[in-house]
Amino acid sequence: MDMSALNPVAIMVALIVAATPLVFAAIGELVVEKAGVLNLGVEGMMIVGAIAGFAITQESGSTTVGILAALVAGAALAGLFAFMTQVLMSNQVATGLALTLFGLGLAAMIGQPYAGIPSPPFPELSIPGLSDLPVLGPLLFAHDWLVYASLVLTGGVWWLLNRSRAGLVLRAVGENHDAAHAIGYRVVAIRTAAILFGGACAGVGGAYLSLVAAPLWVEGMTAGRGWIALAIVVFASWKPWRAFLGAYIFGGVSIAQLNLQALGVAIESQYLSMTPYIVTIVVLVIISADKARARMNAPACLGRPFFAAG
Amino acid sequence: MLRLEKRKERSRVMTWAGPLLAVALTMVFGMILFAALGKDPVRTIAIIFWDPLTNDFSRSELLVKGTPLCLIAVGLALGFRAGVWNIGAEGQFIVGAIAGGAAGLAVYDTAGVWVLPMMCLAGAAAGAAWALIPAILRIRFNANEILVSLMLVYVAGLWLSALVTGPLRDPDGFNFPESRIFHDSATLPILLEGTRAHVGALAALAAVVIGWLALERHEYGFSLKLFGQAPRAARFAGYREARVVLLSMGVSGGLAGLAGTFEAAGPVGQLVPALPVGYGFTAIIVAFLGRLHPGGILLASALMALTYIGGEGAQLEMRLPAAAISVFQGMLLFFLLGMDVFSRYRLAPSKALAARRAQGGAA
Amino acid sequence: MTALLSIRGVTKRFPGVVANADVSFDVQPGEIHALLGENGAGKSTLVKMIYGVQRPDEGTMAWNGAPFAPGSPGEARQAGVGLVFQHFSLFEALTVAENVALGLPPDQAGRDLPERIRKVSAEYGLPLDPARQVGQLSVGERQRVEIVRCLLQSPRLLIMDEPTSVLTPQEVETLFLTLRKLREEGVAILYISHKLEEIRALCTAATVLRGGRVVGACDPRQETARGLAEMMIGRELAPPGAPSGTGGAARLTLTGLTAISHAQFGVSLRDISVELRAGEVLGVAGVAGNGQDELVAVLAGETTVSPAMIQLDGKHIGGLGPTQRRRLGLNVAPEERLGHAAAPEMSLTDNTFLSARTRMRLAFRGFLRLGAAKAYAAKVVQDFDVRTPGIHAAAGSLSGGNLQKYVIGREILQSPGVLVVSQPTWGVDAGAAQAIRQALRDLAAAGAAVMVVSQDLDELMEISNRFAVIAGGRLSAPRPAGETSVEEIGLLMGGKADAAA
C-alpha cells in the first residue's frame with residue numbers, strides 16, 4: 001500500500017466537508033422530533049434542496065442565492081408534510097415516505113438539464129493571516145461559510161432548546177401535546193414551525209452536497225444521507241452537540257472508506273462503500289439496546305397525531 | 001370556514017372512495033404538471049392511462065410489471081397493518097434476485113424441472129432472511145426497523161454490483177458487469193406466447209388469495225390488525241409482539257425475495273446491477289393505494305403497472321422526463337394519504353359559520 | 001353584592017349531545033361553590049367554557065358584572081381564573097419549575113421562579129422541590145404542582161376538577177386546609193365533584209347538574225348525603241346489596257409475587273401474598289400509581305413471573321401467557337377500556353376474539369368462526385343491556401358505560417373461575433355502575449373468585465367481602481370489609497402498612 005497518498009490535513013478537511021450536510025439535516029430533524037413529529041422525508045427534502053440550490057446557482061450565478069433557494073425549497077416540501085400531518089392528520093410515517101419518494105422524483109425531473117455541469121466555485125471564508133497557518137490554517141480558518149454556519153446552528157439550537165422559553169414550549173409540545181393544548185399553547189402552529197425549520201435545514205444540507213461537496217448535480221446524489229441523518233438523531237439522544245459529533249463520526253466513516261478505496265485495498269470497492277450503511281445499523285443497535293437511555297430524551301409524543309377535540 | 005370533526009366510526013364509503021378520488025386528483029394535478037413541462041396535458045394523460053390498454057403487448061406488460069408490485073405489496077400490507085414498517089422491500093427484492101440467480105447459475109447447464117423451484121425457494125428464503133435482520137434487531141435491541149431495513153437496501157444494491165463484477169461475472173462477457181444469461185431450465189415459463197408475461201403472475205394471484213384468507217379469516221391476520229390498531233389490546237389478547245414482527249417481516253421479505261427471483265429468471269434473464277428498478281419502493285404506494293387489502297392491492301398494482309408502461313410511452317412520444325412518472329406516483333401517495341383523513345373525520349362548517357347560518361335562517 | 005362569576009343561560013351542543021342546556025348560576029367571592037353531578041352531567045364542558053377552551057353556543061357569562069367571553073385559556077388566566085385539571089396537564093420529563101413556567105405568562109417566569117415556587121408552596125402547606133422531575137412525583141405531589149401553578153398567578157377564582165379522586169384521605173384533609181385558607185383570603189373556589197361527603201364538609205353553596213341542566217341549588221351543609229345523591233341521580237337509590245358468603249376453597253393464590261418494573265415511571269411489585277377464595281369479592285384499594293396496573297398485568301399474563309408465584313386451582317401459572325390462563329379459567333378486565341380491553345376501531349364482534357376465542361371456541365385451527373363470534377357478541381349485548389346500534393358498531397363509538405358493560409359481560413359470560421377487574425365503574429353512569437357491581441356479585445355467588453381493583457373506596461365498601469390495600473407495590477393483608485374503617489384504609493393507602501397492622 002502506498003501510504004503517501006494520505007495527507008492528514010486533506011483528510012480532515014474532507015471529513016468536515018462530508019460531515020457538514022449531515023449536521024444541517026440532523027439538527028433540523030432533531031428540532032422537528034423534539035416537537036413530537038417524526039418526519040421521515042429528510043432524504044426527499046435534502047435532494048430537492050440539492051437540485052434547487054444547484055439549479056438556482058446556475059441560473060443566478062450566485063451561490064448565496066442558491067443556498068437561499070435550497071432553504072426555501074426544503075421548507076416548501078416540509079410545508080407540504082406539515083399540511084398533511086398537522087391539518088389533515090395523515091400518518092406521519094407514511095407521509096414522510098411519500099415525501100421522500102416524491103422528492104426523489106421531483107429532483108430527478110428538475111435536475112435532468114443540469115446533469116454533468118460543474119458548479120461555480122463556492123466562496124471560502126478565509127480569515128486573512130490565520131488561514132495561512134500551517135495545519136491549523138486549513139483545518140480551522142479556511143472553510144466555506146456554511147461550515148461555520150453549521151457550528152452556529154448547532155450552538156443556537158442547543159441554546160434554544162435548553163435556555164429559552166420558546167425551546168421549553170417546543171419540548172413541552174413534544175412531551176405531552178394534550179397538556180400543552182390544555183394550558184393554551186397552539187400545538188399545530190408550533191409543530192408546523194418546527195417542521196418548516198427542519199425542512200429548511202435539510203434543504204441547505206442538500207445544497208451543500210451539490211454546491212460544495214460534489215460539486216455537481218448527480219441524480220440520487222444524497223444516497224441515503226437523509227436516512228443517516230435520522231439515525232444520527234437517535235444516536236444523539238436528541239442532544240444537539242451529540243448530533244454534531246454523530247455527523248462527524250459518519251462523515252469520518254465515509255471518508256475512511258473512500259481513502260481505503262484510493263489506497264487500493266484488496267477488497268472490491270462495493271464492500272467498502274457499504275460501510276457507512278452498516279455502521280449506521282451497528283450504531284443504531286448499540287444506542288437503542290439501552291432502552292432506558294434511549295427513552296430518557298426521546299419526546300414522549302414522537303409520531304403521535306394530535307387532534308384538538310372541540 | 002370549514003373544520004374537521006371526528007367521526008364515531010370510520011366511514012366505509014370514504015375508505016374505498018378515497019383511493020378513487022386520489023387517482024382523480026392525481027390526474028388533475030398531473031395534467032397541471034405536464035402542462036407546466038410544456039406537454040399537451042390531455043394527450044399525456046391518455047398515453048399514460050389509456051394507450052397501454054389498447055394493444056396486446058402493453059396489456060401483457062401489465063402482468064410483467066404488476067407481478068412484482070403485487071407480490072411485494074401483499075407482503076408489505078401484512079406488516080403495515082401491524083405497524084411494522086418494512087421500508088426495505090427493495091433490498092429484499094435484490095437479495096432474492098441474487099440468491100435465486102446464484103442458485104440457477106450454480107447448476108448452470110443442468111436441465112431439470114427442480115431447478116426453478118429451487119431458485120424460487122432460495123430467493124424467498126434469502127429475502128426473508130434479509131428482512132429478518134431488521135426484525136430481530138427491533139425485537140432484541142429495540143432498533144428502528146425503518147432505518148435498518150432501508151440501510152440494507154443500499155447494502156444489497158452494492159452487494160449485487162460486487163457480485164456481478166466478481167464471482168458471478170459472465171466468464172465470456174468481455175468484463176461487462178453482468179452474469180451469464182440463465183439457462184432455459186432456470187428461466188420462467190412464459191404464460192402468453194410471444195410476450196414477456198411469465199408464470200410469476202399466477203404466484204401473485206395466489207399471494208392475493210392466500211393473503212386475503214390470512215388477513216380476513218385467520219387469527220394471524222387478526223393479530224396483525226389488532227397489533228397495529230391497539231398494541232396493548234393485542235398483548236391483552238395474548239399475542240406477542242416478537243411473533244408479530246417476525247412473521248410479518250419474514251413473510252413480506254420472502255415475497256419480495258420471490259419477486260426478485262422472478263424478475264431475474266423472467267423478464268431480465270440474468271443478474272445485472274440495473275436489475276432493481278424501484279419496485280420495492282413503488283410497492284409501498286401500491287399497498288396504501290390498495291388500502292392494505294389484498295383485493296385492493298391487486299387492482300392498485302395493475303394501475304401502478306399502467307403508469308409505468310404509460311410513463312415509458314410518454315417518455316418516447318412526448319419526451320417526458322423519466323422522473324416525471326415518479327413525481328406522478330409520489331403525488332398519488334400524497335393525495336391518497338390526504339383523502340384518508342375523510343374516512344376518520346368529516347368536514348363540518350366552523351362554529352362561526354354555523355352560527356351565522358343559524359342567524360340567517362332566523363332572520 | 002356583585003357575583004364574581006355569573007353564568008346565564010349557557011348552552012353547548014356537540015354532535016348528537018347537548019352537553020349544557022340553559023345553565024345559570026353565580027359564584028360569589030370567598031365562597032367554595034360545589035358543582036355537583038354524575039359523570040357525563042356536563043360539568044367538564046362548563047369548566048372548559050369558563051376557562052376559555054371552548055365557547056358557549058348560547059348564553060352569556062359575566063365577571064364582576066362585566067361581560068366575560070374568554071377566547072383562550074390565556075385570556076381566562078389574565079382575568080383571574082385558575083384551573084386544576086382532573087387529568088393533570090403536566091409534562092413528566094420536565095422539572096417542577098419548568099412545568100410551572102409553562103403555565104405562566106413569560107414575564108412572570110423569570111429566574112426567580114424556583115424561589116417563588118418554594119415560597120408559595122410553603123405558605124399554603126404544599127411542599128415542593130422546583131428542581132425535581134415531575135415523572136418522579138407521587139400523584140398528590142403532582143396535584144400540588146398544578147395548584148402552585150395557579151396560585152402564582154393570584155387567581156380570583158380557582159376551579160378544582162375532581163381534585164380528590166386520586167388522593168388518600170389524609171391528603172384530602174391537607175388539601176381542604178389549603179382551600180379553606182384560600183377562601184379566607186377572598187378567593188372563590190368552584191369545586192367539581194361527585195363525592196357527597198366531601199362537598200358537605202367543604203362547600204358553602206352547591207349547584208347540581210344532571211343531563212346538562214341545572215336541577216337544583218342548595219347549601220350542602222344543610223342537606224344529607226342521601227338527599228344530594230338523589231338530587232344528582234334523579235331517583236331514589238337502591239340500598240347496597242349485602243356482601244355474599246365469605247368464601248370457600250382458595251382458587252387463586254399469590255405467593256411472594258415479585259415483579260421488578262423496567263418502565264420509566266413504573267412501580268415494582270414486591271412480595272405479594274394473598275389468597276382469593278371461591279365465592280368472595282376481594283377489594284384492592286389504593287391511590288393510582290401504586291402498582292395496580294402492574295398487578296393486573298401480572299395476573300393477566302401480559303407480564304410473566306416465575307411459575308410458582310401464581311397458582312390457579314393448585315396449578316402453577318406464573319409463566320403462562322394470557323391465552324393459556326384464560327383456558328384454565330383466569331380472566332381479566334383491565335382498567336383502560338379503549339385500546340387495552342377493547343380495540344376502538346374494531347366492531348363488537350371482532351372484539352370478542354380478544355379474550356373469548358379460547359373459552360368460547362371462536363376460532364378453529366386458527367380460522368376465525370365469524371358466526372360464533374357474532375352470536376357471542378349478540379349475547380353479551382343482550383344479557384348486559386349494552387346500548388349500541390348493533391354488534392357491527394365500533395367499540396370506540398360506544399359510551400364509556402356501555403363499553404364497560406360489554407367488556408365485563410364478555411369476561412363474565414365465559415364463566416371464568418377467577419375474574420380480576422380493574423376500575424369496573426370508572427367514568428360509568430350510576431345505572432350502569434349498579435348493574436356491573438350486581439353482575440360481579442352474582443359471579444362470586446355462583447362460585448367464582450372475584451378481585452376488584454379500584455380507587456373508589458365507596459364502591460369497594462359496597463361490593464367487597466374482604467379488603468386489601470396496595471401501596472408502593474406491596475399489598476396489605478386482607479381484612480374483612482365490615483371491620484375496617486375508612487381511616488385505617490387511608491393510613492394503609494399512604495403506605496403506612498405497619499402503623500395500621
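Helix α2 (residues 42-60) of chain A packs against helix α4 (residues 92-111) of chain A at an angle of about 20°, and their axes lie 7 Å apart. Helices here are DSSP runs of H or I with at least four residues, numbered from the N terminus. Axes are lines fitted to C-alpha atoms over the stretch in contact, and angles run from 0 to 180 degrees between N-to-C directions. α2(A) and α4(A) are therefore roughly parallel to each other, a label for angles under 35 degrees.

This is a predicted model: local features need pLDDT of at least 70, side-chain atom pairs count only at pLDDT 80 or more, and totals for chains, interfaces and linings use all residues. Residues are numbered from 1 along each chain as its sequence is written, while chains are lettered from A and ligands numbered from 1 in the order in which they are written.

Which residues in α2(A) meet α4(A)? Among them are Ile47(A), Val48(A) and Ile51(A). On the α4(A) side, the residues include Phe102(A), Leu106(A) and Ile110(A). Contact means C-beta atoms, placed from the backbone, within 7 Å.

Now turn to α7(A). α7 (165-175) of chain A and helix α9 (residues 187-213) of chain A pack at about 110°, with axes 10 Å apart. α7(A) and α9(A) are therefore roughly perpendicular to each other, the term for 65 to 115 degrees. Val169(A), Leu170(A) and Val173(A) in α7(A) meet Val187(A), Ile190(A), Arg191(A) and Ala194(A) in α9(A).

Chain A also touches chain C. Their contact takes 14 residues from chain A and 17 residues from chain C. α7(A) gives the most to the chain A side, with 6 residues.

Notes:
Helix = DSSP H or I, 4+ residues; strand = E, 2+ residues; numbered from the N terminus. Parallel < 35°, antiparallel > 145°, perpendicular 65-115°, else oblique. Contact = placed C-beta atoms within 7 Å.
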